[in-house]
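Reader: I have a sequence and a model open on my screen, and I would like a friendly tour. Could you walk me through it?

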Amino acid sequence: MTDKRGSGPSPVDVHVGSRIRLRRTLLGMSQERLGDALGLTFQQVQKYERGTNRVSASRLYELTHVLDVPVSFFFDGLEGATAPRGLAAGGNFAQAQQLFGGLSDGMGMPGSELTLFSRREAVELVRLYYQITDPAVRRRVLNLIRTMVPAE
C-alpha cells in the first residue's frame with residue numbers, strides 16, 4: 001500500500017526543516033558547523049532545511065543532541081491537517097501532552113511567536129541581546145525598547 005504524493009517535498013518535511021533552520025540560527029550555528037557535527041556537508045544540511053531530503057529517525061535523534069532540543073521541537077506547530085488519518089480523529093500526542101500540563105511547543109512559545117522567530121532580524125536581536133553579559137545592562141536595553149513601542 002503505497003501513498004503516492006505529488007512532486008515536491010512533503011509539508012511535514014518542510015516544517016521539520018524549518019524547525020532545524022530556526023534552532024540552528026537561534027544558536028548562531030552555520031550550516032557548515034551543523035554539518036560537521038552530524039558528519040554531513042553543508043549542502044546536505046540545506047536539503048534538510050528546505051525539506052528536499054527527509055530527515056531519518058536516527059538523524060533526528062542526532063539533531064536533538066546537537067541542537068539541544070527534544071524531538072517534539074521539530075514537530076511543534078505542525079497543524080493537524082497533515083496528521084495521519086488515525087491521529088486526526090482521536091487526538092494526538094501533542095494534544096494529550098497539553099492536557100497533562102506539557103508545553104505546546106519545545107520552546108514554550110505560541111505559534112505566533114514562533115513565526116516571529118523565523119525573521120532574521122528577530123533572531124539576530126535575540127542573539128545580540130544575550131551576548132550582553134551584564135544583566136543590569138540587558139534590563140536597561142529591554143526597558144529602552146519598551147519605551148519605544150507605542151502604547152496599546
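Reader: Is aspartate 68 buried or exposed?

Author: Happy to start there, with a note that this is a predicted model, in which local features need pLDDT of at least 70, side-chain atom pairs count only at pLDDT 80 or more, and totals for chains, interfaces and linings use all residues. Residues are numbered from 1 along each chain as its sequence is written, and side-chain values use heavy atoms, with hydrogens and water left out. Buried means under 20% relative accessible area, exposed over 50%, and partly exposed in between (1.4 Å probe, protein chains only). Aspartate 68 has a relative accessible area of 61%, so this residue is exposed.

Reader: Where does aspartate 68 sit, and what is its phi?

Author: Aspartate 68 is found in the loop between α4 (57-67) and α5 (85-90). Its phi is positive, in a residue other than glycine, with a value near 55°.

Reader: How many helices and strands does the chain have?

Author: Helices (H or I, at least four residues) and strands (E, at least two) are DSSP runs, numbered from the N terminus. Along the sequence the pattern reads α-α-α-α-α-α-α-α-α. The count is therefore 9 helices and 0 strands.

Reader: What share of the contacts with a separation of 6 or more comes from residues 24 or more positions apart?

Author: Contact here means heavy atoms within 4.5 Å. Among contacts in the chain with a separation of 6 or more, residues 24 or more positions apart account for 62%.

Reader: What percentage of the chain is buried, and which residues of α1 are?

Author: Of the 152 residues in the chain, 25% are buried. In α1, the buried residues are Asp13, His15, Val16, Gly17, Arg19, Ile20, Leu22, Arg23, Arg24 and Leu26.

Reader: Which glycine follows α1?

Author: The residue after α1 has a positive phi, near 70°. This is glycine 28.

Reader: How do α1 and α3 lie relative to each other?

Author: Helix α1 (residues 11-26) and helix α3 (residues 42-50) pack with their axes 5 Å apart and at an angle of about 120°. Axes are lines fitted to C-alpha atoms, for helices over the stretch in contact, and angles run from 0 to 180 degrees between N-to-C directions. Angles under 35 degrees count as roughly parallel, over 145 as roughly antiparallel, 65 to 115 as roughly perpendicular and the rest as oblique. The two helices α1 and α3 are therefore oblique.

Reader: Which residues of α3 make the contact with α1?

Author: On the α1 side, the contact is made by Asp13, Val14, Gly17, Ser18, Ile20, Arg21 and Arg24. On the α3 side, the residues are Tyr48, Glu49 and Arg50.

Reader: Which residue has a side-chain oxygen at the start of α9?

Author: This oxygen comes to within 2.9 Å of the backbone nitrogen of alanine 136. It belongs to aspartate 134.

Reader: How far apart in space are leucine 125 and leucine 26?

Author: Leucine 125 is in helix α8 (residues 120-131), and is exposed, with a relative accessible area of 52%. Leucine 125 and leucine 26 are 99 residues apart in sequence, while their C-alpha to C-alpha distance is 10.0 Å.

Technical notes: Polar contact = N/O pair within 3.5 Å; in protein donor to acceptor, adjacent residues only side chain to side chain.
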